[in-house]
Amino acid sequence: MAELGTDVRYIKGIGEQRALSLNKLGIYTLRDLVTYFPRAYDDRSVIKPISEVTFGENVCVAATVATQPALSHIRKGLDIVRLRAVDEKSAISITFFNQSYVKNQLQPGESYIFYGRIGGRIGMPEMTNPVFEPEDRERMRTGRIVPIYRLTAGISQNVLANAIRRGLEACGDLLPDPLPPSVQERYELAQSRYSYENVHFPKNFEALELARRRLIFEEFFVLSCALDRFRRESTEKKGHAFSNTDISEFLSALPFELTGAQKRAINEAIADMTKPVPMSRLVQGDVGSGKTAVAAAVIYAAYKNGYQSAFMAPTEILAEQHFLTLSAMLEPLGVKCELLTGGMKAKARREAVSRIAAGESDVIIGTHALISGDVEYSKLGLVVADEQHRFGVQQRAALSEKGASPHVLVMSATPIPRTLALIVYGDLDVSVLDELPPGRQKVDTFAVDEKMRPRINAFIKKQVEEGHQVFIVCPAVEENSEENVDELKNVKAYAKELREKVFPDLRIGLVHGKLKASEKNAVMTSFSAGETDILVATTVIEVGVDVPNATLMVVENAERFGLSQLHQLRGRVGRGKAKAYCVLFNGGDGEKAGERLSVMTKTNDGFKIAEEDLRLRGPGDFFGSRQHGLPEMQIASFATDINVLKSAQEAAREVLKTDPDLTLPENASLQACVDALTEKNRGTMN
Ligand code: ADP
Ligand code: MG
């Protein structure tokens, strides 16, 4: 029997060369090999008599080779082997192209299972290049459900399946089995050995389901235990315990009454910060739920305790917006706000950096420039990250290192289901802002096509005449790609056309990603101040921009945006007293685009929209687990296996309650699996 850590090259039939190819698939050890699960299955379990096969179907037949396989060399590069095979009633003719070696593998008089697509005519069935195996031996590729693996050069399905077969045999009883017997029993999960066998080489679909369920559960279970460990390690870190929790001055200076949800989130965060352990809290709230005021309150609390705060925004425009908002809320109370962005002039930046180091600034608002090498804080006590999904885990860690473990508050509008939030943000506590400020109204949304253009233009005009402002958003201009150069031209040309032809009497601003920070700023400021009527923008305005007088959001080529992104965009309007609208131009054809956009017209609920997005687009781009700082899963999916996740988490909690350090003998194997996962993902999880 072999250790799970054994190098794959020592497995029979592998050797140096193939081991290198396997390495490319991330397979280094026996453990990696047996946990390399199929990406799909091919159902070759049906074996039919030749007389019952139908044209075009993929099927197995059991037949005896009736003629000596004949090799003919047609021309250079084209060899053909032909033979006839028979069962009790009928015959089938079989042809192989450029596989002359099969001539010696197929013996007249012997029986084989052939799997392939039926061609030929009625009464004269044929198969071309079938997969075949002797009937009387254990079969891997025919007459059964066959695993399909993700491959790389130098490795075929056959080689991989055989290696896994041998790997499983070599493991014997040493297969990884992290489930304590009590958990396995309680959740009615299949045995480990059975599950590994049947996930790779399923006896039937029922066995495959049982196997998959066990392995998915197991993977989530180990993950939950590993995350729990991280959480405990981070709570062992020393933080600054704040003692002054009185923020009444801040509250009475606010121009509005906080919602219940905002109050709750603020209280939860302040309670966290009174502990000697660094806070790790996520404030999750739909667009417009008022996350900025929550951040300001928490920043104010840090200030009252003599600490600096760093506020990190995903873009310069947003940093500038937040700088204005926070200054307005906090400066009157004596809190000094500082803006620090990459686009600043060297001199201004130097001065800002020295004020920060001297402790003259209380809250520093910026982009990733906040964590660049030359920025030293005098007394950093709190970090707020807005729209944290735009930040890499490493940036967050780098920022934390600038102070002695500051408290961390992250704010996100990405609506993900709560269970998922808990696991995705493993080490975070979550406050949900599930209440919008009063007076917010539903934004009436319309999905339209080009035919409606004149009517929409008239509508834009009418909004402006009533004293309101309008956003027109075009798909993004991104960095350095050919296609995007065209898009940039497009958005510029489009603004020009609007200015000269469509709305010559209106004041139109243009903002896109290629503008300098100061230029962007000027355009945005003038729009905020009501000096322009229409702002033509790429998605740089996607998050956070706050102009309550804007009542209409028009999105061009809306089919090119994700639904959650459209929801964010729509959240830019409907913030004032007047009725607000969103118009989505569908520039695509096809039903799917229409169906997606119609979701937007039916609901304003960010959670529902996220679910629909997931359903219509699949999990791919939505749950990039890397993006969230989670390890790559082998078999489980955060998108589709949520129910299993719930019970696995529950099971993990129970086990950890009685054995938090996993020292009991029955948890030894679990402990080993948690270690293996942790080791493999150092630096990924946080
Ligand atoms: P988001 O959660 O999308 O970041 P913001 O913090 O930008 O939302 O808040 C959106 C708007 O709502 C801002 O204009 C803000 O001043 C206003 N606002 C926030 N909280 C309240 C409240 N409790 N009552 C009224 N208006 C509020
Ligand atoms: Mg915001």
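1. Basis of the description. Because the model is predicted, local features need pLDDT of at least 70 and side-chain atom pairs count only at pLDDT 80 or more, whereas totals for chains, interfaces and linings use all residues. Residues are numbered from 1 along each chain as its sequence is written, chains are lettered from A and ligands numbered from 1 in the order in which they are written, and side-chain values use heavy atoms, with hydrogens and water left out.

2. The seven-stranded sheet. An open, parallel sheet is built from seven strands in the order β13-β14-β12-β15-β16-β11-β17. Helices (H or I, at least four residues) and strands (E, at least two) are DSSP runs, numbered from the N terminus, and two strands pair if DSSP finds at least two bridges between them. At the edges are β13 (337-340) and β17 (429-433), each of which pairs on one side only. From one strand to the next the twist averages 20 degrees; axes are lines fitted to C-alpha atoms, for helices over the stretch in contact, and angles run from 0 to 180 degrees between N-to-C directions.

3. The β11/β17 pairing. Strand β11 (residues 280-285) pairs with β17 in the parallel sense over five bridges. Within this pairing, glutamine 284 stands opposite valine 432 of β17.

4. Helices on this sheet. Helix α9 (residues 260-273) lies across β11, β15 (380-386), β16 (407-412) and β17, and runs at about 160 degrees to β17. Helix α11 (residues 316-330) also packs on the sheet, where it touches β12 (308-312), β13, β14 (363-366) and β15; the direction of α11 makes about 175 degrees with that of β13. Contact here means heavy atoms within 4.5 Å.

5. Polar contacts of ligand 1. A polar contact is a pair of N or O atoms within 3.5 Å. An oxygen atom of ligand 1 lies 3.0 Å from a backbone N or O atom of glycine 290, an oxygen atom lies 2.9 Å from a polar side-chain atom of lysine 291, and an oxygen atom is 2.6 Å from a side-chain N or O atom of threonine 292. Ligand 1 taken alone exposes 560 Å², of which the protein buries 84%; these areas come from the Shrake-Rupley method with a 1.4 Å probe.

6. The six-stranded sheet. Six strands form an open, parallel sheet in the order β18-β23-β22-β19-β21-β20. Its edge strands are β18 (444-448) and β20 (508-511), each pairing on one side only. The twist averages 15 degrees from one strand to the next. Strand β23 (residues 581-585) and β18 pair in the parallel sense over five bridges, with cysteine 582 in β23 as the bridge partner of threonine 445. Helix α19 (residues 591-602) packs on this sheet, touching β18 and β23, and its direction makes about 160 degrees with that of β18.

7. Serine 90. This residue is found in the loop between β5 (78-86) and β6 (91-97).

Terms used. Polar contact = N/O pair within 3.5 Å; in protein donor to acceptor, adjacent residues only side chain to side chain.
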